[in-house]
Amino acid sequence: MTAQQNPASQAATAKVADAVEGSWVNTHAPEWAVAYLQLSRLDRPIGSWLLLLPCWWGLFLASAQSGEFGLRDMWIFGGCAIGAILMRGAGCTWNDITDRKLDASVARTRSRPLPSGRLTTLNAYFWLLAQLVVAFLILVSFNRLAIALGVLSLLPVAFYPFAKRFTWWPQVFLGIAFNWGALLAWAAHGESLTLAPALLYLGGIMWTLFYDTIYAHQDRTDDELVGIKSTARLFGDATPRWLHGFGLCATALLAAAVATALVSHASLAVLIAALLGVAGFAAHLLFQAIRLDINDPASCLSAFRSNRNAGLALAVFLALAAALSAMQSG
């Protein structure tokens with residue numbers, strides 16, 4: 001009997017409902033690893049991008065302010081990328097452990113490894129620990145303030161899965177966790193925290209409210225049946241107005257972060273480059289909000305995934321600002 005014909009093999013490599021079509025996890029990963037990689041959402045890489053991009057924002061803005069970008073910063077850049085994949089995987093593993101019974105009641109999530117029975121809870125705990133250990137080894141290569149912030153980030157990560165059980169605003173708690181890297185990467189570069197990274201962090205939280213409200217609209221009907229709270233259910237048909245508000249707040253806070261960091265510390269060219277990134281970010285959010293159909297799950301998923309490009313637009317221009325600042329300082 002071939003693997004294609006074997007029911008056990010089919011179960012081990014089952015595709016999760018909202019995975020990226022043709023994901024390498026389902027097409028090239030070893031059969032024994034597929035369920036673990038799905039548990040870490042490596043077949044849905046958008047979450048890793050959304051966790052990583054605020055890290056790069058913090059690093060590049062700090063570098064644009066200081067006029068320095070050396071080998072240590074190159075390691076921070078790469079370490080944040082690896083760490084984001086690991087910590088997003090650990091967070092999703094923890095989320096699926098705590099939500100395994102709820103996930104079995106929701107159409108989009110019942111195909112995940114735990115509710116579908118392809119992995120046991122004990123398997124998931126061991127996988128969670130493995131990811132955390134490797135992420136910690138990367139973290140301890142940074143300075144002491146960054147290490148302390150990294151350890152502290154475990155609190156919102158651990159708490160987030162429970163938020164949707166008692167508040168209509170679980171997206172706020174996701175934003176607190178997902179944008180922590182803006183503070184950590186800034187601290188890793190400069191060994192301090194100021195108003196600028198705090199504003200960057202708050203802007204990222206508003207961005208998370210924007211994109212995760214869109215994401216939550218996919219499950220609005222099922223969430224109502226099982227009692228899961230979300231901003232999508234709270235806002236209902238008024239969601240487009242709220243999205244415009246979140247986008248405006250995110251843009252204002254990010255612009256304030258750039259101005260606070262650079263007005264007194266960098267040239268006009270550096271400031272303009274960074275602000276162009278904020279403008280590109282804002283234009284992308286506006287484009288999403290205009291095109292979005294909150295009653296079409298496919299439209300919601302497409303808009304949600306496109307936020308990688310919104311965040312990348314800002315990261316690229318902040319990197320340009322950092323490069324200009326370093327050249328002028330050199």
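Predicted model: local features only at pLDDT ≥ 70, side-chain atom pairs only at ≥ 80, totals over all residues.
**Salt bridges**

Side chains of opposite charge can pair when their charged atoms come close. The structure holds six such salt bridges.

| Pair | N to O distance |
|---|---|
| Asp-43 and Arg-44 | 3.1 Å |
| Asp-99 and Lys-164 | 2.6 Å |
| Arg-165 and Asp-99 | 3.1 Å |

Asp-99 has a relative accessibility of 2% and counts as buried. Lys-164 is buried as well. Arg-165, in contrast, is partly exposed, with a relative accessibility of 34%.

A further set of charged residues is joined by salt bridges that share partners: Arg-41, Asp-96, Asp-103 and Arg-112 form one network.

In the pair of Asp-43 and Arg-44, Asp-43 is buried at 0% relative accessibility.

**Cysteines**

How many disulfides does the structure hold? The number is zero. A disulfide requires two cysteine sulfur atoms within 2.5 Å, and the distances for two of the cysteines can be compared with that cut-off. For Cys-92, the closest cysteine sulfur belongs to Cys-55 and is 15 Å away, which is too far for a bond. For Cys-300, the closest cysteine sulfur is that of Cys-92, at 19 Å, and this is again too far for a bond.

Are Cys-92 and Cys-300 buried or exposed? Cys-92 is buried, its relative accessible area being 12%. Cys-300 is buried with a value of 0%.

Which residues make the nonpolar surface patch? They are Phe-69, Leu-71, Met-74 and Phe-77, and the patch covers about 410 Å². One of these residues, Leu-71, is located in helix 5, which spans residues 71-98. Leu-71 has a relative accessible area of 71%. Leu-71 is classed as exposed because this value lies over the cut-off of 50%.

**The second largest pocket**

Rolling a probe the size of a water molecule over the atoms shows where empty space is left. The second largest pocket has a volume of about 160 Å³. Its lining consists of His-284, Phe-287, Gln-288, Arg-291, Leu-292, Ser-299, Ser-302, Ala-303 and Ser-306. Two elements, helix 16 (268-291) and helix 17 (297-305), each give two or more residues to this lining. Which element gives the most to the lining of the second largest pocket? Helix 16 does, with four residues.

Methods: Residues numbered from 1 in each chain as written. Heavy atoms only, no water. Buried < 20%, exposed > 50% of the residue type's maximum accessible area, 1.4 Å probe, protein only. Patch = residues over 30% accessible without salt bridge, like charges linked within 9 Å, V, L, I, M, F, W, Y side chains within 5 Å. Areas by Shrake-Rupley, 256 points an atom, 1.4 Å probe, with all protein chains shown as cover. Salt bridge = Lys/Arg side-chain N within 4 Å of Asp/Glu carboxyl O. 1 Å grid on protein atoms, 1.4 Å probe; cavity = no way out; pocket = protein on both sides within 12 Å on 5 of 7 lines; lining within 4 Å. Points joined across faces, edges and corners; volume = space filled by probe spheres on them.
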